[in-house]
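Work through the exercises below with the structure in view. Try each task before reading its solution.

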Amino acid sequence: MQIKSYSSRRFIFIFLLLLITQFSISCNVALPTTGKNTKDKTTTDKTTKDKDKKDDDSSKTLGDKQLQVHMLDIGQGDSLLIITPEKKSILIDAGLVKAAPKVIGALEKNGIETIDLVVASHPHADHIGGLPKVLDAVPAKKFLDSGQEHPTATYEKLLTKVKEKIGKLTVARAGQKFELDSGIKIEVLGPSEPLLEKVSGSVENANSVILMLSYGEFRMLFTGDSEDETEERLLEKGFNLKAQVLKVAHHGSQYASSKDFLKKVDPEVAIISCGEDNNYGHPSPPTLEKFKNDKIKVYRTDLQGEIVVLSDGKNYQIKTEHKATSDIWEGRTSSKSKKNDS
Ligand SMILES: [Zn+2]
């Protein structure tokens, strides 16, 4: 009896041990899936957590067919990636040479294997510097350029790359229309002939490619590095400039975003791309003041990281990578002359 009782206790012990081991093995076997789920969960949790910290304007829910405009956080310069509901892509500028990896990363992250349209707003290094490397990494179908004389090594390099990779260059002129996606319209509003010659700032800036993107009731205006004279020309031409979202000209410089121009565009939101370490005075305090007085909501890459505009053709939302690191309405002062204004 003693022995039997001992052996049955031993049997129970072994049985329990086996059960525990089995359970533990089961857990281990299940780990890869559990691990993935855990990872996904962490990402989701993180997203939810980060979301609390973001400056999101998600008051309106959007339908499925969404247009995305990503203003990438590439430091001083511009780079905007547009993805249409039919997954067509448009890349406007690619920042300085050093910004190329970030732009390529954004294309990969968004699953873009071919860029349908690449736009070089104007031939300055903080807009086209990264483009040759981007064209090396990702094939592109069409290239739209401001078509200005600008004999710099950076621009020459880009033109050579476009010839090699795409073959053809399209010169942007007001009146052209592009329809890459059945629901999306892209209209060229500038530059127009004759190109602006006498400007107080930079001629290359003044003849930037100006685009109006529309999707249903939603409109967004892309201004490159426009100057006051560019805006005067746009007003003279009598274009419909009305847009809910304005890509602020020239990184928020004080030499653009005139009162008359803002009145005509009448934006609800203004998005600014500039570097947190820039000494060009971007964005400028007087420009920010104008937006503030007009009750235009401002978003800045230098303070909030990447800015994403989403629209379903009716409503729109703005999302930022993170919460503003300091006061949105506080501009920067310049240590450069107007001639050196990038
Ligand atoms: Zn610029």
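**Exercise 1: Helix 9**

The buried residues of helix 9 are covered by, among others, strand 12 (269-272) and strand 13 (297-300). Helices (H or I, at least four residues) and strands (E, at least two) are DSSP runs, numbered from the N terminus. Covering rests on contact, meaning C-beta atoms, placed from the backbone, within 7 Å. This is a predicted model, in which local features need pLDDT of at least 70, side-chain atom pairs count only at pLDDT 80 or more, and totals for chains, interfaces and linings use all residues. Residues are numbered from 1 along each chain as its sequence is written.

Task: find which residues of helix 9 (residues 285-293) are buried, and on which side they lie.

Solution. 
1. A residue is buried if 20 or more other C-beta atoms lie within 10 Å of its own, exposed if 12 or fewer, and partly exposed in between; C-beta atoms are placed from the backbone.
2. In helix 9, Thr287, Leu288 and Phe291 are buried.
3. These residues lie on the same side of helix 9, because they cover an arc of only 95° around the axis. The arc is that of the directions from the helix axis to the C-beta atoms.
4. An α-helix has 3.6 residues a turn, so residues three or four places apart point the same way.
5. Just after helix 9 comes lysine 295, with a positive phi of about 60°.

**Exercise 2: Lysine 142**

Task: decide whether lysine 142 is buried, exposed or partly exposed, and list what it touches.

Solution. 
1. Locate lysine 142: the loop between helix 4 (131-137) and strand 5 (143-145) holds it.
2. Count neighbours: lysine 142 has 16 C-beta neighbours inside 10 Å and therefore counts as partly exposed.
3. Leave out residues up to four places away in sequence; lysine 142 then touches Asp116, Leu117 and Thr170.
4. Isoleucine 90 is 52 residues from lysine 142 along the chain, yet their C-alpha atoms are separated by 9.5 Å.

Definitions and conventions. Two residues are in contact if their C-beta atoms, placed from the backbone, lie within 7 Å.
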